[in-house]
Amino acid sequence: MRALMQDWSLTLDKIFDHAARWHGEREVVTRSVEGPITRSTYADLHRRAKQVSHALLEAGVKPGDRVATMGWNSDRHLEAWYGTIGIGAILHTLNPRLFPEQIVYIANHAGDEVLLADPACAPLLAEILPQCPGIRQVVFLSEEAPETPFPAQAYEAWIAGRPTDTPWGGFDENDAAGLCYTSGTTGNPKGVLYGHRSNYLHAMMTLQPDALNLSARDTVMLIVPMYHANAWGVMYSAPMVGAKLVLPGQKLDGASLHELIETEGVTYSAGVPTIWQMLLTHLKETGGKLTTLQRVTVGGSACPESIFRTLHDDYGVDVIHGWGMTETSPLATVSVPSPEIADLGFEAQLPYKLKQGRLLCNLDLKLVNDAGERLPHDGKTFGRLLIKGPTIASGYFRAEGGEVLDDEGFFDTGDVSTIDPEGYMQITDRAKDVIKSGGEWISSIDIENIAVGADGVACAAVIGIAHPKWDERPLLIIEPKPGAAPTREQLLTYLEGKIAKWWMPDDVAFVEKIPLGATGKINKLALRETFKDYKLPSAQAAE
Ligand code: AMP
């Protein structure tokens with residue numbers, strides 16, 4: 001028997017319609033590409049997004065065509081976002097921090113036709129556009145277009161005077177809405193193709209109190225770039241509840257973020273650990289305070305304990321650890337205390353908060369060994385982490401990488417983790433970064449997280465170095481803080497007692513700068529390349 005309920009397809013345009021109609025006066029604040037802070041509302045943005053739709057239709061964009069954006073978090077980018085998906089075209093968020101040859105590959109692979117870009121990307125575009133013949137129109141997300149060797153228009157002139165009631169919707173909820181390429185440390189980047197329904201469900205899942213817990217009373221500052229991993233779904237979840245939005249543009253330094261948090265009364269924010277580290281350094285140097293910020297979601301890489309402690313103890317900010325990946329829309333687990341843990345106080349909660357957390361509703365996780373057999377959830381056994389659900393990729397764009405699901409329909413995340421009896425998942429490594437020593441696995445991330453808390457350390461990385469007896473042994477690589485000079489002995493003494501004896505790095509190397517990838521994560525591939533001929537003292541002794 002069919003239910004007697006109305007057929008209301010879950011398409012993303014409805015979210016913005018809702019925000020404009022029921023939270024129309026709520027502000028959206030942007031640090032604009034022109035410099036000043038600008039203010040508008042959901043209702044304003046909705047009208048302008050409709051103008052974008054009109055301009056795209058006039059440019060010949062049809063449902064299923066790819067419209068690329070390349071820009072930082074801004075109101076215009078948000079208008080372009082909804083203006084594209086509202087007419088059933090696919091929004092492809094391009095990451096300007098990738099190498100030009102990667103962007104060329106991605107734009108051609110995606111089949112991008114129209115590109116809306118921040119003016120700061122003009123020099124990069126001059127380099128890549130000759131190699132991207134499919135891109136037939138370029139619009140700069142600004143008042144005026146910069147001088148360029150290729151034809152381009154300014155966004156404001158492009159949308160000016162157009163109708164503000166271009167029709168949206170009319171497509172299937174399972175149609176594609178967004179395309180985002182994974183950073184891909186091996187092989188070519190691969191496209192993850194989100195749907196209207198999957199993004200709609202993801203936004204609703206993340207809004208639960210035990211996840212982001214956003215409301216109309218929140219002021220949300222989105223630091224996660226709109227070009228990375230679906231912006232953690234915040235461009236859907238914040239308008240869904242009518243939260244005030246603060247978009248920091250390109251200025252992500254501690255001082256600029258702090259200014260926005262305080263002047264706009266930001267209550268919630270989301271970003272990778274390095275952002276919070278920069279903000280905390282700024283606050284320490286200036287004696288600045290966080291008077292409105294209540295909670296932040298930190299994810300993208302493991303959040304070091306020092307960030308949890310400092311934000312909690314010195315600024316009264318609750319850190320919520322989240323895990324996910326481009327292929328999982330991205331949020332999948334969140335670390336909030338269960339009732340048994342909630343009453344125990346901060347110190348007792350911390351070991352759980354440091355884990356990547358418990359699974360959101362709608363998803364299923366499993367932990368398996370290399371033979372695909374399920375492993376126990378005892379908090380100790382490491383295994384490959386597989387995931388399933390309506391917000392998880394079933395394959396890559398244009399079938400790159402072939403079949404990606406196992407025979408039970410689970411997607412292999414490439415992460416190695418444990419799951420404890422209370423259901424908290426903890427990432428111990430990327431499958432390719434885990435250090436295999438004498439048949440046992442050592443978690444590079446665990447050692448890094450502890451080492452970064454040592455005096456004088458700005459950033460720490462651990463990689464496996466070939467060893468004649470143990471296969472691989474850990475090498476600790478340290479980027480000292482400016483002016484600091486921690487020694488090998490100090491660092492190893494600091495680690496003593498904090499990690500198992502056989503996890504102790506065999507050596508410590510110092511570098512001026514630990515290389516970061518385009519999404520701010522430690523680039524282990526580059527480190528492995530730099531240290532490929534490195535000889536551990538213990539290896540020489542064993543030879
Ligand atoms: P991306 O698709 O670029 O967002 O990268 C996803 C990967 O980042 C995951 O597969 C994890 O390896 C890593 N990651 C994301 N969140 C966390 C976290 N909270 N802790 C540790 N690693 C994380």
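Guide: Let us begin with a charge over a ring, counted if NZ of Lys or CZ of Arg is within 6 Å of the ring centre and within 35 degrees of the ring normal. The charged end of lysine 14 sits over the ring of tryptophan 8, 4.7 Å from its centre. Arginine 358 lies over the face of tyrosine 424, at 5.7 Å from the ring centre. This is a predicted model, in which local features need pLDDT of at least 70 and side-chain atom pairs pLDDT 80 or more, while totals for chains, interfaces and linings use all residues. Residues are numbered from 1 along each chain as its sequence is written, and side-chain values use heavy atoms, leaving out hydrogens and water.

Visitor: How many aromatic pairs does a search of the whole structure find?

Guide: A pair of aromatic rings is described by the distance of the centres and the angle of the planes. Rings of Phe, Tyr and Trp (its six-membered ring) pair if their centres lie within 6.5 Å; planes under 30 degrees apart are stacked, over 60 edge-to-face, and the rest tilted. The search finds eleven such pairs. The rings of phenylalanine 16 and tyrosine 82 are stacked, because their centres are 3.9 Å apart and their planes at 5°. This pair joins distant parts of the chain, 66 residues apart: phenylalanine 16 belongs to helix 1 (residues 13–22) and tyrosine 82 to helix 3 (residues 75–85). Helices (H or I, at least four residues) and strands (E, at least two) are DSSP runs, numbered from the N terminus.

Visitor: Is phenylalanine 16 buried or exposed?

Guide: Buried means under 20% relative accessible area, exposed over 50%, and partly exposed in between (1.4 Å probe, protein chains only). Phenylalanine 16, at 1% relative accessibility, is buried, and tyrosine 82, at 0%, is buried too. Ring pairs link Phe16, Tyr42, Trp81, Tyr82 and Tyr236 into a cluster.

Visitor: What is the geometry of the pair formed by phenylalanine 531 and tyrosine 534?

Guide: The ring centres of phenylalanine 531 and tyrosine 534 are 5.5 Å apart and the planes at 65°, so the pair is edge-to-face. Phenylalanine 531 is buried at 9% relative accessibility, whereas tyrosine 534 is partly exposed at 25%.

Visitor: Which residues of helix 15 are buried?

Guide: In helix 15 (residues 488–495), the buried residues are Leu491, Leu492 and Leu495. They line one face of the helix, because they fall within an arc of 95° seen down its axis, the arc being that of the directions from the helix axis to the C-beta atoms. Just after helix 15, glycine 497 takes a positive phi of about 85°.
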